[in-house]
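Please consider the following structure together with its sequence. The paragraphs below lead through selected features of its chains.

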There are 2 protein chains.
Amino acid sequence: MKRYRNGEIWDFEHEVAVATNRQVILGLDGGTTSTVCICMPLMPFSDALPHPLPVLARAIAGCSNHNSVGETAARETLEQVMADVLSKSGYNRSAVRAVCLAVSGVNHPTDQQRILTWIGDIFPSHVKLYVRNDAVAALASGTMGKLHGCVLIAGTGTIAYGFTEDGREARAAGAGPVLGDWGSGYGIAAQALTAVIRAHDGRGAHTMLQSTILQTLGLSSADELIGWTYADPSWARIAALVPVVVSCAEAGDEVANKILKEAVQELALSVKAVVQRLGLCGEDGKNSFPLVMVGGVLEANQRWDIGREVMDSISKDYPGALPIRPKVEPAIGAALLAWNEFMKECVQDAYRR
Amino acid sequence: MKRYRNGEIWDFEHEVAVATNRQVILGLDGGTTSTVCICMPLMPFSDALPHPLPVLARAIAGCSNHNSVGETAARETLEQVMADVLSKSGYNRSAVRAVCLAVSGVNHPTDQQRILTWIGDIFPSHVKLYVRNDAVAALASGTMGKLHGCVLIAGTGTIAYGFTEDGREARAAGAGPVLGDWGSGYGIAAQALTAVIRAHDGRGAHTMLQSTILQTLGLSSADELIGWTYADPSWARIAALVPVVVSCAEAGDEVANKILKEAVQELALSVKAVVQRLGLCGEDGKNSFPLVMVGGVLEANQRWDIGREVMDSISKDYPGALPIRPKVEPAIGAALLAWNEFMKECVQDAYRR
């Protein structure tokens, strides 16, 4: 177990009564804007999950994507938020049986291994540790912990991530704005800003986005958009303009409509690529599979409903796609995933004995 | 004149003999990667420029784009490089008659005014000061100081900038990668990286760019591209992949060819938008005008010559476009511009008397 770094983060453990023999699991959702950690009791294995789900505590912290904040800050954020949730729950690390960290920026086995090493230093060696991309927690939040089907996330960023029942996985997009996540909130808004510049300098058609976006941002000329755009590199700040694009499209603006239609095609394409590669639709293309849909871009807008359009496009190719809008947050999905995996390993261990 | 900040930057002036009554002009080209400043003697007014041009000294410093490095750093870089070039020339500020600062990031009158205020603090009030976008220096480097015609720059970024003989001006693009500078070196390379990701995750066609780019970057899998891309936010680092895209296109790769063809259309469109808005082509569309072409993307590649393709596309619409490849650097263009404007103002002043 880790030597306490200045003793600070885990100091609370000295004051926690180790009396109870209750066991807990942790689920963590590390997104690009915040990190949420949930502590749940280890539930007995049964077919039906209790309702409502027993959540002992919830803690929140900043970004834990190492690509955004660097490794040291990411590691400290992860450790801090896990310590916080245990402290709030009144348990210490010896009560923990399994931890699932679903963190954005986990794109490669080396990312996974690095985080496993970090948290392996924090917990006793018998604790089961699972590290995943944050999209996996979103999938699990729709399937209540089961890794099967596909999730489409479209918020500031976008990713599609899928699993077959026998454990194969595939993803599409999720590579950030430089690398073609064009259907994301950032992608939609950046296209709209671009359309304003192009209309202004004569390269593009006139669009209602010009006056609407400038008014929304309190700018008096399209030239000022350049300074505005680069003054703050946060992707979320740009993505926040999506509702403006939707309202212009609803008002009949052709440029805004084209941007949204292209985004719909991009988002549907990500899902189709994953479904195709995993064969989730079966050989005849008609098998049913869960399709979990998450994120602000997919939530019911007014008349122009991006989520519905994406679903329509996917259903044409894969009529078996069963849309699910999760009722719990991704951190709970991560905790359920940890619980599921832990149970599976226990069963396997029992057979081996 | 400015109170010396700690006396450091302008200390050399105490040691400069103020004996000569020679007068000088400064031309500064502030790009996104470096800032170059040139000191030239004030040449007598004549029809023909001396050849070679008399350059007294040249100094170089880092980035002076306030959008990239912030206002304080940008200001200090500008002041330092002007002090350096005067120190090397053996003159002090009292010898300066005119200064042209052509700085990237000057997109709006407020940008211009801010820099004018900074340098107004540095020089005596009779010194003529001109602040422009750095594209203007590139134009002047092709027209030897005359503001007429259009310049197309395509390096890491891209911009088209034009002037009519009666002083109207217009620009297109130059808004950075978020805002649709798709024909830039960065734009071309980002499209190529995107094509690799999309081929890898099933959204796009197979392309030779996959193996070639991964090999160039020393990566073993397309997943690693995500970490590579966001590890360093420098646009120039991504733009450096343009030669790889060109070589794949020359080898017949369809995806790479499509990327380059789209870039050609984008670059030509920027020029056409400027020419159209300014009416540089005259009413019948056939008037001749200088078209200065600058930047790595436009320089002769092997067989796939982006600059030639752009020129072909422009010539179809505007047969009067006269391509110019400058023989002097943009900082000299800025100095010639300062000299031209200074002469014009002297003549006007003389008439007024």
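A:Arg114 lies in helix 3 (residues 109-122) of chain A; helices (H or I, at least four residues) and strands (E, at least two) are DSSP runs numbered from the N terminus. The side chain of A:Arg114 makes a polar contact of 3.0 Å with that of A:Asp111. A polar contact is a pair of N or O atoms within 3.5 Å; within protein, one must be able to donate a hydrogen and the other to accept it, and residues adjacent in sequence count only if both atoms are side-chain atoms. Beyond its neighbours within four places in sequence, A:Arg114 touches A:His66 and A:Glu71, contact being heavy atoms within 4.5 Å.

This is a predicted model: local features need pLDDT of at least 70, side-chain atom pairs count only at pLDDT 80 or more, and totals for chains, interfaces and linings use all residues. Residues are numbered from 1 along each chain as its sequence is written, chains are lettered from A and ligands numbered from 1 in the order in which they are written, and side-chain values use heavy atoms, leaving out hydrogens and water.

In chain B, 5 strands build an open, mixed sheet in the order 3-2-1-4-5, where pairing requires at least two DSSP bridges between two strands. Strand 3 (57-61) and strand 5 (128-132) of chain B form the edges, each pairing on one side only. Strand 4 (residues 96-103) of chain B runs parallel to strand 5 of chain B, with 5 bridges between them; B:Ala98 has B:Lys128 in strand 5 of chain B as its bridge partner.
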